[in-house]
Amino acid sequence: MLSGVTYDVDAVRKHFPALDEGAAHFDGPGGSQVPDVVGQAVAATLTSAIANRGTVTAAERRAEEVVLTARQAAADLVGGVPEGIVFGRSMTQLTYDFSRTLAKTWQPGDEVVVTRLDHDANIRPWLQAAEARGITVQWADFDPATGELPADAVPVTERTKLVALTAASNLLGTRPDVPAIAAKAHEAGALCYVDGVHLTPHAPVDVAALGADFYGCSPYKFLGPHLGFLAAAPELLETLHPDKLAPSTNAVPERFELGTLPYELLAGTTAAIDFLAGLVPGEGTRRERLDVSMRALEEYETGLLRKLDDGLAAVPGVTRYGSPTRHRTPTVLFTVDGRTPAEVYRHLAAHGVNAPAGSFYALDCARHLGLGETGAVRAGIAPYTTEDDVRRLLEAVQSA
């Protein structure tokens with residue numbers, strides 16, 4: 001346990017009305033449940049007097065404040081700066097936008113690197129942008145026996161322009177050595193685009209320490225509304241010129257945001273980040289409180305993960321994928337002999353346990369594991385998961 005810090009899951013759960021239905025939710029990797037304060041922030045903003053951003057009317061100033069507050073909250077969460085936070089419909093949409101923008105600078109003979117560990121949202125946009133520009137794509141393969149992706153498996157050359165890499169696999173929970181891989185990319189003069197969707201809900205994040213030039217994530221995975229944001233250095237964003245409407249501002253980061261921002265979702269994102277900062281009561285700046293709370297959460301979730309790993313290992317016929325001994329996000333991928341993943345999924349649901357099955361858009365990862373498009377059952381631990389939830393999951397798997 002962190003010195004002087006206690007993670008009180010019962011206090012956390014009181015803020016989640018969705019849990020009143022009684023299900024044990026292991027479906028967080030696909031989208032977490034949402035605390036009451038987030039819904040309240042969304043509703044309050046949506047029903048307030050609000051207009052396009054400006055400084056003349058109260059409604060305009062309210063919109064401006066919502067945006068600036070959300071940028072600061074997002075920056076606090078990932079260790080960035082508010083001037084480098086770009087909001088978008090989703091991480092997928094943002095990655096497509098940035099792939100097209102970055103591809104404008106690529107020349108024949110250049111290369112981009114993608115990994116088979118990644119969600120397709122950090123693969124397909126780069127493949128399609130590379131194809132449109134006639135650029136070579138290099139693949140980094142992970143070890144299917146362990147789920148690990150070592151830095152020396154990432155093929156970076158003097159021709160590499162970008163390495164697209166996940167900070168944590170949404171299918172296996174594997175956490176590659178992002179700083180080492182990013183350093184390798186930078187030594188070759190390449191940029192590193194990091195998918196932080198699956199890491200951000202489970203651990204403290206520092207984009208500078210990771211070496212990420214671009215870091216994308218999704219608030220709806222960390223207790224917030226359906227939205228995406230990307231963090232980058234404002235100086236880097238200044239060098240990029242996306243397609244945009246003629247009347248829209250050319251200022252950074254606004255030049256990357258198409259149309260009017262969803263103010264209510266930005267307010268919900270701020271509320272979600274404030275909630276994360278308060279998982280463990282304390283004092284200090286929001287960034288400082290986030291660091292303490294997310295470290296406590298990581299420790300708590302890792303403890304539950306060990307119980308889940310050990311419990312599944314004791315069930316005859318269960319096969320787990322990835323290494324249970326390596327540091328990873330609290331995510332378990334498994335199959336049960338004699339039952340299809342879909343059958344296990346439905347069986348668990350009938351027992352009040354929500355743990356879906358599939359490849360979860362990590363299609364190349366599932367194929368590399370030999371699971372094909374069918375995939376496997378995925379169980380993800382979240383801030384509201386309890387030991388009783390883990391027990392219910394294990395009992396349901398045993399009866400599958």
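Modeller: Let's start with a word we will need a lot: buried means under 20% relative accessible area, exposed means over 50%, and partly exposed lies in between (1.4 Å probe, protein chains only). This is a predicted model, where local features need pLDDT of at least 70, side-chain atom pairs count only at pLDDT 80 or more, and totals for chains, interfaces and linings use all residues. Residues are numbered from 1 along each chain as its sequence is written, and side-chain values use heavy atoms, leaving out hydrogens and water.

Colleague: Thanks! Why is S293 called buried?

Modeller: S293 has a relative accessible area of 0%, which is under the cut-off, so S293 is buried. You will find S293 in helix 10 (helices are DSSP runs of H or I with at least four residues, strands are runs of E with at least two, and both are numbered from the N terminus).

Colleague: Which residues is S293 in contact with, leaving aside its neighbours within four places in sequence?

Modeller: S293 is in contact with L276, A277, G278, L279 and V280, where contact means heavy atoms within 4.5 Å. Both L276 and A277 are among the buried residues of helix 9.

Colleague: How do you know that the reach of helix 9 is close to what is expected?

Modeller: The expected span is 1.5 Å times one less than the number of residues. Helix 9 runs over residues 263-277, and its 21 Å from first C-alpha to last is close to the expected 21 Å.

Colleague: Is T101 buried or exposed?

Modeller: T101 counts as buried because its relative accessibility is 6%. This residue sits in helix 4 (residues 91-103), and T101 touches L240, H241 and P242, not counting residues up to four places away in sequence. There is a polar contact here too: a polar atom of the T101 side chain lies 3.0 Å from the backbone oxygen of D97.

Colleague: Why is A23 called buried?

Modeller: The relative accessible area of A23 is 18%, and therefore A23 is buried. Its place is in the loop between helix 1 and strand 1 (24-25).

Colleague: Which residues does A23 touch, not counting those up to four places away in sequence?

Modeller: A23 touches G352, N354 and R392. Although A23 and G352 are 329 residues apart along the chain, their C-alpha atoms are separated by 4.8 Å.

Colleague: And where is V397 found?

Modeller: V397 is in helix 13 (residues 387-398). With a relative accessible area of 2%, V397 is buried. Leaving aside neighbours within four places in sequence, its contacts are L312, V315, V318, F334, V336 and L348. For D110, 287 residues from V397 along the chain, the C-alpha separation from V397 is 48 Å.

Notes: A polar contact is a pair of N or O atoms within 3.5 Å; within protein, one must be able to donate a hydrogen and the other to accept it, and residues adjacent in sequence count only if both atoms are side-chain atoms.
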